[in-house]
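Visitor: I am new to this kind of picture, and I would like to learn how to read a feature from it. Could you take me through it slowly?

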Amino acid sequence: MTALRKWFGWSFILLLIPILLSLLLSSGQAVESLRSLPEALDERLPLKEPSAFMNSYIKDSEGAVISELTTEGQNRIFIRYADIPPQMKELFLQSEDKRFYEHTGLDFEGTARAMLFNAKNKSLDQGGSTITQQLARNLYLNHERTYNRKLSELLISIQLERKWSKEKILESYLNTIYFQNSVYGVGAAADYYFSKSLKALTTAEMAYLAAIPNNPSFYNPLKHPDRTKKRQERLLQLLADIGMLNQNQLKAEKSQPIELAIKKKEERYPDYTDYVMEELKKAVASKDKLKNPEQIKSAAAELIRSGIVIETYLDPFLQERLYTANEKYSDESHQSSAVIINHKKHQIVAMSGGNRYKKHEFNRAFQAKRQPGSAIKPLLDYVPYIEKTKASKSSLINANRLCIETFCPENYSKKEYGMVTLEKAFSQSYNTPAVRMLKDVGIGKAAAYLKPFSFSGSIPPDNYAAALGGVKIGFSPLELANAYTAFGNGGQYQQARAIKRILSIDGTVLFEWKDTPMQVWSNETNTVMRDLLESVVKKGTGKKAAFETNYIGGKTGTSNDYNDLWFSGLTDSYTAAVWFGKDNNGSIESIYKDGSLLAYWKMIMGGDQVAEER
């Protein structure tokens with residue numbers, strides 16, 4: 001009796017639909033102007049092309065996917081009509097809309113037949129709506145059970161059939177249907193449930209997937225595999241009924257074991273990929289000439305939604321080396337972060353945002369702004385002084401105490417050293433010579449040398465403590481590493497990038513950086529600076545960072561009360577900055593004394609396994 005009542009109920013609705021459609025379309029302006037049905041539909045339902053979204057991907061320098069980006073948590077992979085196997089198309093045509101190629105969006109005969117079939121078999125194997133109607137719901141409507149929604153669905157279905165080809169409708173349908181577990185479309189379903197491409201599936205596997213959308217929660221293969229299997233066998237029978245499978249094939253496909261291979265979302269190296277997402281905003285701003293942060297954020301989200309591939313310069317070998325160094329030299333007593341740049345190619349190749357960093361955490365590599373200590377001396381004190389005076393590493397400078405008004409800095413040892421060479425002052429990180437250099441050049445002129453690097457922190461005017469790292473806001477490891485790359489390029493600077501280029505899913509290049517280098521100090525000054533940086537590692541405060549390679553140089557840095565420890569340096573090909581400290585400050589003097597910061601830098605730069613060989 002229940003099935004019979006349902007049949008009469010649906011029959012009554014089917015009789016009402018033409019009347020309701022006629023009333024709706026003949027009301028108002030449509031009657032007044034006596035326009036045709038198509039004209040009325042075009043005015044009221046222009047049907048803008050839907051902005052269906054797809055998964056996007058971040059790849060490392062070797063082409064491996066290291067992050068999958070979804071929109072609104074929906075897993076989608078678009079598959080073109082020509083690439084969808086015939087069996088998959090027929091599975092849905094036979095189970096959902098046998099008269100798909102005959103009707104024009106609405107199929108009263110097919111709906112009535114489906115209801116009778118389901119009532120007779122006490123099942124829901126055959127749908128009551130056409131594929132076009134289901135697509136109308138998926139693209140433009142919700143799934144509320146109201147008359148208004150149903151009438152809108154019918155009208156949109158008519159428009160879809162008028163505006164789109166059957167192939168486009170079926171393609172869109174198969175790419176938007178829901179397969180439970182946040183999976184949409186046949187391509188994503190194959191990838192998620194079997195870890196295969198759609199073309200690689202067997203007919204049995206395709207039928208298993210096709211069983212899900214009829215009632216996704218009821219046929220959820222992760223919770224009700226037996227239900228899914230039973231419906232799969234009924235769908236395989238439909239293929240046999242139309243001659244796509246013979247009886248032997250049908251038997252073989254039904255008996256084939258279904259082994260799910262659930263694919264976990266790819267998410268590796270979150271420190272690096274989180275920065276890539278930040279750089280993506282800069283790329284979008286550059287590409288579309290945007291300045292408003294909200295517009296930039298919206299444009300970046302829309303680009304991801306469209307389906308893109310972001311190729312990066314990430315070197316997985318060096319990234320893993322960073323993680324190994326974190327495990328060996330960082331613990332709960334302090335945090336660490338580091339950035340490695342291939343300065344010859346201006347590429348950010350590895351990044352650590354903190355100990356055991358998790359995605360979307362505070363990324364210390366580019367978000368932390370810390371006092372640089374003496375790591376600022378090469379950039380703010382020595383380069384401007386050498387540029388002005390043409391001094392060499394053997395030139396002399398006073399290393400005794402001095403006072404500039406109330407500011408009276410001392411050397412770390414509290415001692416005075418008289419006249420010393422620049423090499424001695426630099427390698428031992430004496431403070432008073434650095435302050436004298438800044439005073440000689442002038443804070444304004446010296447600070448101008450930092451402008452090309454776009455540091456977050458700024459140099460306080462008339463505050464000579466800046467010579468020793470006393471800056472406003474502070475610098476990030478990424479900013480410091482970027483600036484030090486100029487020492488590896490003859491005094492030329494070009495901002496290093498993580499993103500190589502951005503592609504559409506079909507491989508069209510959408511964006512590439514067009515950076516050009518600029519000369520920030522002379523090559524002659526750079527030669528002197530490279531000698532000074534080398535002296536730090538060979539016989540100065542950075543000796544524990546030394547290892548055999550063609551060239552190695554760098555500078556240590558310590559802020560007041562040992563709140564921040566730095567080492568920023570370079571080899572022939574790579575520049576790296578490392579920071580140790582506590583997020584909320586606090587002395588890490590014991591870490592300073594045990595030399596683990598320098599050992600960390602040595603490890604990530606190669607040590608006995610020289611990075612230059614890569």
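Visitor: Is Glu327 buried, exposed or partly exposed, and what decides the matter?

Guide: This is a predicted model, and residues between the buried limit of under 20% and the exposed limit of over 50% are called partly exposed. Glu327 has a relative accessibility of 47%, so it counts as partly exposed, whereas Arg356, at 60%, counts as exposed.

Visitor: Which residue forms a salt bridge with Glu327?

Guide: Glu327 forms one with Arg356, and the closest N and O atoms are 3.1 Å apart. This pair links distant parts of the chain, since Glu327 belongs to helix H15 and Arg356 to the loop between strand S7 and H16, 29 residues apart.

Visitor: Which parts does the salt bridge between Arg501 and Glu311 tie together?

Guide: The side chains of Arg501 and Glu311 meet at 2.6 Å, N to O. Arg501 lies in strand S11 and Glu311 in strand S5, so the pair ties together parts that are 190 residues apart in sequence. Glu311 is buried, with a relative accessible area of 17%, while Arg501, at 25%, counts as partly exposed.

How values were computed
Residues numbered from 1 in each chain as written. Predicted model: local features only at pLDDT ≥ 70, side-chain atom pairs only at ≥ 80, totals over all residues. Heavy atoms only, no water. Salt bridge = Lys/Arg side-chain N within 4 Å of Asp/Glu carboxyl O. Helix = DSSP H or I, 4+ residues; strand = E, 2+ residues; numbered from the N terminus. Buried < 20%, exposed > 50% of the residue type's maximum accessible area, 1.4 Å probe, protein only.
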